[in-house]
Amino acid sequence: MTTVLPDTGVGPLLRDWREQRRISQLELALRADSSARHISFIETGRSRPSEDMVLRLAEHLDVPVRERNALLVIAGYAPRYPQTSLDDPAMASLRESLERLLAAYEPYPALVVDGTYGVVAANRGVSLLLEGVPEKLLTPPLNAMRLTLHPEGLAPRIVNLPEWRADLLAQMDRQIALVRSPALRELYDEVAAYPAPAQADGPPRAPGGTGAAGRERTGTPFALPMLLEHGGRVLSFVSSIATFNTPMDVTVAELAIETFLPADRETAAYLHAHAPS
């Protein structure tokens with residue numbers, strides 16, 4: 001007689017990941033060089049997957065590295081991926097490479113954040129935009145979401161705050177569904193509860209003398225811009241996020257490099273003219 005394992009084993013978790021990815025058992029079986037019957041047996045607890053099978057299914061389901069470790073532990077195996085602090089000597093080369101990358105992007109803003117949006121590194125372009133932010137928000141550990149959405153942070157100077165705030169919260173919500181992090185959920189609840197800062201009557205003028213959204217200057221934006229007041233001008237940025245391919249360490253897997261690309265020539269010229277020396 002077949003023994004069915006408790007519904008708290010690795011099978012139901014793998015089923016949750018498959019359903020979240022909207023992949024059928026047959027499609028997953030074809031990708032993982034298995035059979036739909038075997039996938040069904042794993043998901044229902046009729047069959048205990050091997051360590052290799054857990055990793056193979058996790059890879060084809062694009063499960064984050066931290067969650068792959070959790071699946072292995074629940075299945076009765078040792079974690080496969082280490083979690084190395086960025087302060088560890090083994091990470092020296094990575095830290096130096098990130099610092100060179102950020103410096104090369106100047107005068108445009110760029111920063112590196114971890115899995116809970118903690119700021120790991122930032123360049124002088126970011127420092128320029130943070131001018132005027134209260135010291136209490138700039139005391140480590142810095143958090144990019146708090147700096148952006150706090151009513152004493154950048155939020156009062158973001159001209160299109162409702163749109164930008166909604167986009168950031170949606171980004172966090174997708175991340176929470178992916179990694180199921182209590183710390184990330186706590187951060188989301190905190191920043192989502194921030195009161196919306198009062199916007200000034202009549203937005204500031206943008207570089208080149210156009211209106212608040214810079215629509216006369218840029219036309220229809222090719223991506224949602226962040227319109228940020230600085231020095232009486234409105235700067236326009238679009239954000240790009242890069243991560244590491246095939247990470248083998250939890251810390252590295254959760255790093256994200258965010259660069260802010262000037263959305264128009266006026267913003268680029270302003271940053272070059274006001275770059276910190």
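Biologist: How are α10 and α11 oriented relative to each other?

Modeller: They are roughly antiparallel. Keep in mind that this is a predicted model. Angles over 145 degrees count as roughly antiparallel. Here α10, residues 161-179, packs against α11, residues 182-192, at an angle of about 160°. Their axes lie 10 Å apart.

Biologist: What is the handedness of the crossing of α10 and α11?

Modeller: The crossing is left-handed.

Biologist: Which residues make the contact?

Modeller: From α10 come Arg165, Leu169, Met172, Asp173, Gln175, Ile176 and Val179. From α11 come Leu184, Arg185, Leu187, Tyr188, Val191 and Ala192. Sort the contact by class and you get nine nonpolar, one polar and three charged residues.

Biologist: Now for empty space. How is it found?

Modeller: Roll a probe the size of a water molecule over the atoms, and it shows where empty space is left. In this structure, a search of the whole model finds one cavity of 30 Å³ or more.

Biologist: What volume does the largest cavity have?

Modeller: About 30 Å³.

Biologist: Which residues line the largest cavity?

Modeller: The lining is made by Leu14, Arg15, Arg18, Leu28, Ile39, Glu43, Leu57 and Leu61. Two elements, α1 (10-21) and α3 (36-44), each give two or more residues to this lining.

Biologist: Which element gives the largest share of the lining?

Modeller: That is α1, with three residues.

Methods:
Residues numbered from 1 in each chain as written. Predicted model: local features only at pLDDT ≥ 70, side-chain atom pairs only at ≥ 80, totals over all residues. Heavy atoms only, no water. 1 Å grid on protein atoms, 1.4 Å probe; cavity = no way out; pocket = protein on both sides within 12 Å on 5 of 7 lines; lining within 4 Å. Points joined across faces, edges and corners; volume = space filled by probe spheres on them. Helix = DSSP H or I, 4+ residues; strand = E, 2+ residues; numbered from the N terminus. Axes fitted to C-alpha atoms, helices over the stretch in contact; angles between N-to-C directions. Parallel < 35°, antiparallel > 145°, perpendicular 65-115°, else oblique. Left-handed = near helix turned anticlockwise from the far one by under 90°. Contact = heavy atoms within 4.5 Å. Nonpolar A, V, L, I, M, F, W, Y, C, P; charged D, E, K, R; others polar.
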